[in-house]
Each structure stands twice: as structure tokens, then as C-alpha cells.
Amino acid sequence: MSYHADERGYYGEFGGAFIPEMLYPNCEELRQNYLRIMAEPSFQEEFHQLLKDYVGRPTPLYFAERLSKKYNTKIYLKREDLCHTGAHKVNNTIGQILMAKRLGKHRIIAETGAGQHGVATATVCALMGIECVVYMGEIDIARQAPNVARMKMLGAEVRPATSGSKTLKDATNEAIRDWINNPVDTHYIIGSVVGPHPYPDMVARFQSVISEEIKSQLLEKEGRENPDFVVACVGGGSNAAGAFYHFLDTPEVGIIAVEAAGKGIHSGESAATSALGKVGIIHGSKTLLMQTSDGQITEPYSISAGLDYPGVGPLHAHLYTSGRGEFISITDDEAMKAGLDLCKLEGIIPAIESSHALAIFKERKFAEDDVVVVNLSGRGDKDLQNYIDYFKL
Amino acid sequence: MNRIKQKLQEDKKILSIYFTAGYPTLNDTVKIIQDLEQNGVDLIEIGLPFSDPLADGPTIQASSTAALKNGMTTTLLFEQLKDIRKTVSIPLILMGYFNPVLQYGVEAFCQKCEEIGIDGLILPDLPLDVYQKEYETLFKKHGLINVFLITPQTSDTRVRAIDDASEGFIYMVSSASTTGAKEGFGPEQSTYFERIAAMNLKNPQIVGFGISNAQTFQQATSHTKGAIIGSAFIKHLTQNGVDGIGGFVGQIR
């Protein structure tokens with residue numbers, strides 16, 4: 001059994017392309033070309049050159065000695081927080097902007113929740129001199145002012161999504177509507193392993209550089225390529241997809257996906273999609289999503305703006321239902337404490353998303369000689385105000 | 001015979017009207033259907049509101065949001081429609097996104113449609129291949145015609161495949177856009193209408209998107225069997241409520 005997408009974009013029963021006919025030519029053009037373009041030597045060369053010189057890859061695999069001592073196991077941190085723009089998101093936007101250029105597109109659209117993917121998209125558009133429009137929920141614009149300013153400084157136009165709940169899912173709807181209205185000249189850079197085929201597979205492939213590096217770095221440090229466990233937080237699931245990618249079909253590597261429980265799974269304010277979701281269609285993909293019994297998509301909650309997506313990538317839905325992945329949910333409080341813990345023990349201020357992954361050591365025991373790699377997906381600069389408010393700093 | 005097929009055999013241009021169930025107020029559904037039939041409309045598309053209608057522009061989005069806020073659900077819509085065939089004989093199509101249908105249960109949904117006397121479904125985000133593989137037999141068992149969309153970007157090969165899979169009419173989206181985004185037609189539409197007309201498809205085509213008045217209705221139907229009005233009718237309902245539906249229909253033809 002493989003955990004990768006099949007040629008129709010299915011992961012088990014999940015995935016596919018549930019799109020209206022208006023989007024069919026756009027997705028079909030991408031589907032027919034993405035693997036061919038990604039395989040071109042010139043593409044690979046340009047992609048890896050930019051990841052090295054512009055993003056700062058490879059990111060370190062850091063042995064967190066004091067953290068390891070505290071939890072009596074061997075913890076490595078994959079430092080995606082050291083990427084240019086502050087998170088793993090840029091791996092994907094670099095890949096997609098090169099894809100867009102080769103497809104002859106000269107206008108880029110993107111959706112963003114907290115603004116991290118918007119910033120990463122605006123960044124690569126500035127780099128390539130391509131017009132960029134980022135859709136962002138009206139409510140998110142108000143609560144993420146610094147990232148809105150960053151996108152503007154980088155030359156992007158930030159358009160408020162004023163429909164529905166005015167957050168990430170609505171920004172995604174608006175971006176899709178833009179793509180319907182501009183099918184020829186525009187490429188849509190989706191920020192996670194969500195959306196219609198081929199997006200989940202394409203984004204996972206661009207992010208797979210994370211696990212590719214983990215393998216070679218671990219070989220150097222531990223004399224083996226495979227850790228016992230890989231841990232990552234999951235909203236839509238792009239950093240997790242990248243961290244898991246090269247281990248998916250290696251059953252001896254345990255895969256741990258950490259979701260945001262918000263104020264508690266059954267509090268009514270949660271984003272734990274695997275626990276609370278049911279099979280449905282969101283943004284063109286068949287997956288698990290949070291919805292009413294009538295099939296209306298509901299608004300999730302998490303203190304972390306990067307984890308409050310009502311769905312989850314189809315890969316992760318498959319990892320969950322097949323039992324390949326272990327899914328753990330972490331509350332706001334647990335995540336915030338784990339974040340502060342990392343600051344004090346290792347001198348690293350993590351993004352609140354990544355703090356969720358770090359919080360599992362209080363939830364779950366590991367053996368003393370287990371090698372556990374945690375994907376530290378982003379840095380905490382963007383979350384400073386949240387940390388200040390929470391800890392009354 | 002299915003009411004849609006029967007209607008399509010008549011020697012006339014079809015006027016189809018879309019409205020969102022539960023809008024402007026929760027219990028307007030039956031009155032709107034009755035008034036549309038009485039005023040000579042040929043076909044009605046009843047919109048099942050969805051929280052995330054990604055192919056729709058602001059007008060239909062707003063009507064969906066309002067309908068959901070009013071309390072509309074799939075179950076309630078079926079309840080409102082349970083006696084509809086006692087008063088109207090016009091072909092009725094349910095139009096909506098696939099997720100609410102999936103949650104209701106596709107089989108239960110189809111069965112309910114048959115009980116009520118629904119003649120067809122338009123589910124824009126149910127793709128052709130999935131329909132053929134998983135649902136075609138079921139839809140047919142319950143006498144439901146599934147209507148597919150084509151757009152100016154749809155290749156000839158795919159138009160042929162869609163024509164083969166269709167048995168009623170083809171919903172011809174007039175331009176690359178969301179609903180209500182563009183008004184009227186330009187040279188791009190003429191080329192497209194002519195291209196499709198020249199293909200001599202086995203199914204008649206009914207044009208949707210961009211039709212709001214007598215002029216655009218005439219343009220759209222010059223090469224096709226009929227036209228659909230959605231956003232313009234929703235705007236009328238927003239301004240006038242359920243009064244004056246006759247006046248609205250009267251100015252189209």
C-alpha cells in the first residue's frame with residue numbers, strides 16, 4: 001500500500017478534483033504538466049539553487065539537548081523556522097512561482113489566513129517581478145496587521161474577502177472565484193496540501209525537501225536515515241506533508257500529526273479536524289472537514305491562526321483513517337506552555353503552530369533511545385502579540 | 001416521460017429561472033415556484049444554499065448566506081416541497097453544491113427527489129468521471145436527469161464527452177466567470193455560441209450566466225434552446241420580495 005497520491009489524485013478514498021467545469025481547464029493544464037515540468041533538469045536546478053541561496057537551505061537538523069534531557073528521549077528539531085520569511089511556506093511558493101513561469105502565467109493569486117503564505121507568495125512574486133493579488137479574510141486583515149503591511153511592502157495587492165465567515169476558507173473561496181474569472185493568464189498558488197488535484201500532491205512534493213534533508217542529516221548525526229518518529233503540526237498540513245513525505249512508505253518510522261484542539265475538542269471551539277470532521281468536499285477536495293449535519297462548513301477555532309482550517313489535506317485524512325498516522329490534539333494552553341518551554345530550554349521562540357507539535361512530549365511517552373524529529377515549521381516573531389497577551393509579558 | 005425532456009420537445013425557447021431556497025424569507029419557496037409557473041416560465045432551478053458557494057458571485061452568495069441564516073436546510077426544503085406536485089407541473093431542478101447532498105446521503109437524497117417529483121439535478125462540483133463511476137445508475141433509477149456544465153474554455157473533445165453523458169440539456173456557461181459577474185455578451189460569446197451550435201450535439205443547450213433582460217435573453221437563445229436567469233432574479237427578489245414576479249418575467253419575453 002502506498003500513501004502517495006495515485007494518478008487521479010486520490011489518497012485512498014480522499015482527494016480527487018471536485019471542481020465546477022469553470023475550473024476544469026485550469027486544473028487540467030496544471031495536472032497535465034506539473035510532473036513533467038518538475039522533472040526537467042533546468043527546473044530542478046533553478047528550484048534547488050533558490051532554496052539554497054535565497055531561502056537558506058538546507059535548514060539545520062538540531063539536536064535539542066536540554067529538551068531531550070527533560071523528556072528523556074532524543075529530540076531533533078528540523079529548523080524550518082530559519083527559512084527566509086520565517087516558515088516552511090516559502091519552499092512551496094518558490095516551486096509554484098517557477099511552475100507558473102514555465103506555464104507562461106503572468107499573474108499570481110493566493111489565499112492567506114494569518115498571512116504567512118501571503119507573505120511567502122508576495123516574496124517570490126517580488127523576486128520574479130510578477131503581479132500578485134492575495135485574498136485575505138476581512139477579520140484576518142484586522143488581526144494580522146504586520147503581515148498585511150509586509151505583503152504591501154513586497155508589492156502585493158491585499159484584497160479583503162468579505163463573504164461568509166471572512167476568514168481563511170472564505171479567502172480561499174475568493175481566490176478560486178478569481179481563478180474562475182481569469183482562467184488563462186493567472187496561476188493560483190495554494191498554500192497547503194489542500195484543494196483539487198494536483199495541488200495536494202504538487203505542494204507535498206515541493207515541501208518534501210524537508211524530509212529529504214532530514215534523511216541525509218540524520219545519517220550524518222545518528223548513522224541512520226530513519227528516525228523512530230516524525231512529528232508535525234497539521235492545519236491544512238503542508239509542513240507535515242513535507243516532513244512525512246519520504247517516510248510515508250517506511251512503516252518503521254512512526255508518523256505523528258498534531259492538530260489544534262483549541263479550547264478542547266468538545267468545547268465547540270476547536271480545529272481538531274480528524275476528531276471532529278466527517279467526509280465531505282471542501283475547496284475541490286474530498287477529505288475530512290468540520291461541518292454541520294446539513295453539510296454546511298463550520299468555522300474552526302485555534303489560538304494559532306495557521307491551524308484553523310476546517311478541512312485537512314487528503315493525504316492526512318488518509319493517514320488518519322488508515323491508521324498509518326497517529327493523531328494527537330493539543331489545546332491552546334498546552335501549546336502556549338510548550339512554546340515558552342522551548343524558549344527557556346533552547347533559546348528558540350517557535351511559531352504557535354509549531355508549539356502544538358512540541359507539546360506532545362507532555363502527552364505521550366517515548367523510549368530513552370527513540371530518535372524523534374519535530375518539524376519546527378515556523379518562528380514566533382509573528383506571534384509575539386499572542387504570547388504577550390497570553391503570558392501577560 | 002421526464003418533465004424536462006417533455007418540455008424540451010416543445011417548439012419554443014426555454015426560459016429557466018434560478019432562485020435560492022429560503023430567500024428572501026424562509027417560507028417563500030412554494031409561492032415563488034407557483035408564481036413562476038403561472039407567469040409562463042418553462043423550467044425552475046431551486047438553489048440549495050451552501051456556506052461556501054465557490055462558483056457564485058456576490059449576489060447568489062449573499063442570498064445563500066441569508067437563506068442559511070433564515071434556517072434553510074436540505075431537510076426543510078424537502079418538507080416545503082412535499083406537496084408541490086399538487087399545485088404545479090413545471091419541470092423542477094435542484095441545484096446546489098455536492099457536499100450537502102453527500103451529508104444527506106446521495107441515495108436518500110435521490111429517493112426524496114423522486115418522491116417529491118424533482119426532475120433533475122445540477123451539482124456543478126460533482127465531476128463527470130465521479131458521476132459516471134459512482135452515481136449515474138442511482139440518479140437514473142430515481143428518474144433524475146443530471147445536468148452538466150460547459151464553458152468557453154471547454155475543449156471540443158470534452159464537450160463531446162459531456163454530450164454523451166447527458167440526457168436532457170447541457171448548461172452552457174456563457175463566459176469564464178462566476179455567476180452574476182458579467183452583464184451582456186461580446187464577440188467572445190458569439191464565437192463560442194457558433195462553435196457549439198456547429199457541433200450538432202445530441203442534447204439541446206441552455207445558456208446561463210450574463211442573462212438579465214429581454215436583449216440578453218434573445219442573444220443567448222439565438223443559437224440555443226433557452227436561457228437561464230439567476231442573479232438578476234435574485235436581485236429582483238431582494239428589492240421586491242415575492243411581489244411582482246409576473247412583471248419580472250414579463251419583461252424578459
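A: The model is predicted. In chain A, 6 strands form an open sheet with mixed pairing, in the order β3-β4-β14-β9-β10-β13. Its edges are β3 (61–63) and β13 (325–331) of chain A. Each of these two has a single partner strand, so one side of each is left without a neighbour in the sheet. From one strand to the next, the twist averages 25°.

Now the pairing of β9 with β14. Strand β9 of chain A covers residues 229–233, and strand β14 of chain A covers residues 371–376. They pair in the parallel sense, over 3 bridges. Phe229(A) has Val372(A) in β14(A) as its bridge partner.

Helices pack on this sheet. Helix α10 of chain A (residues 209–222) lies across β3, β4 (74–79) and β14 of chain A. It runs at about 45° to β3(A). Helix α14 of chain A (residues 332–346) touches β10 (254–262) and β13 of chain A. The direction of α14 makes about 90° with that of β13(A).

Next, the helix pair. Helix α2 (residues 41–55) and helix α4 (residues 89–102), both of chain A, pack at an angle of about 140°. Their axes are 10 Å apart. That angle makes α2(A) oblique to α4(A), and the crossing is right-handed. On the α2(A) side, the contact residues are Phe43(A), Glu46(A), Phe47(A), Leu50(A), Leu51(A) and Val55(A). They meet Val90(A), Asn91(A), Ile94(A), Gly95(A), Leu98(A) and Arg102(A) in α4(A). By class, the residues of this contact divide into 8 nonpolar, 2 polar and 2 charged.

How values were computed:
Residues are numbered from 1 along each chain as its sequence is written. Chains are lettered from A and ligands numbered from 1 in the order in which they are written. This is a predicted model: local features need pLDDT of at least 70, side-chain atom pairs count only at pLDDT 80 or more; totals for chains, interfaces and linings use all residues. Two strands pair if DSSP finds at least two bridges between them. Helices (H or I, at least four residues) and strands (E, at least two) are DSSP runs, numbered from the N terminus. Axes are lines fitted to C-alpha atoms, for helices over the stretch in contact, and angles run from 0 to 180 degrees between N-to-C directions. Two residues are in contact if their C-beta atoms, placed from the backbone, lie within 7 Å. Angles under 35 degrees count as roughly parallel, over 145 as roughly antiparallel, 65 to 115 as roughly perpendicular and the rest as oblique. A crossing is left-handed if the near helix is turned anticlockwise from the far one by less than a right angle, and right-handed if clockwise. Ala, Val, Leu, Ile, Met, Phe, Trp, Tyr, Cys and Pro count as nonpolar, Asp, Glu, Lys and Arg as charged, and the others, Gly among them, as polar.
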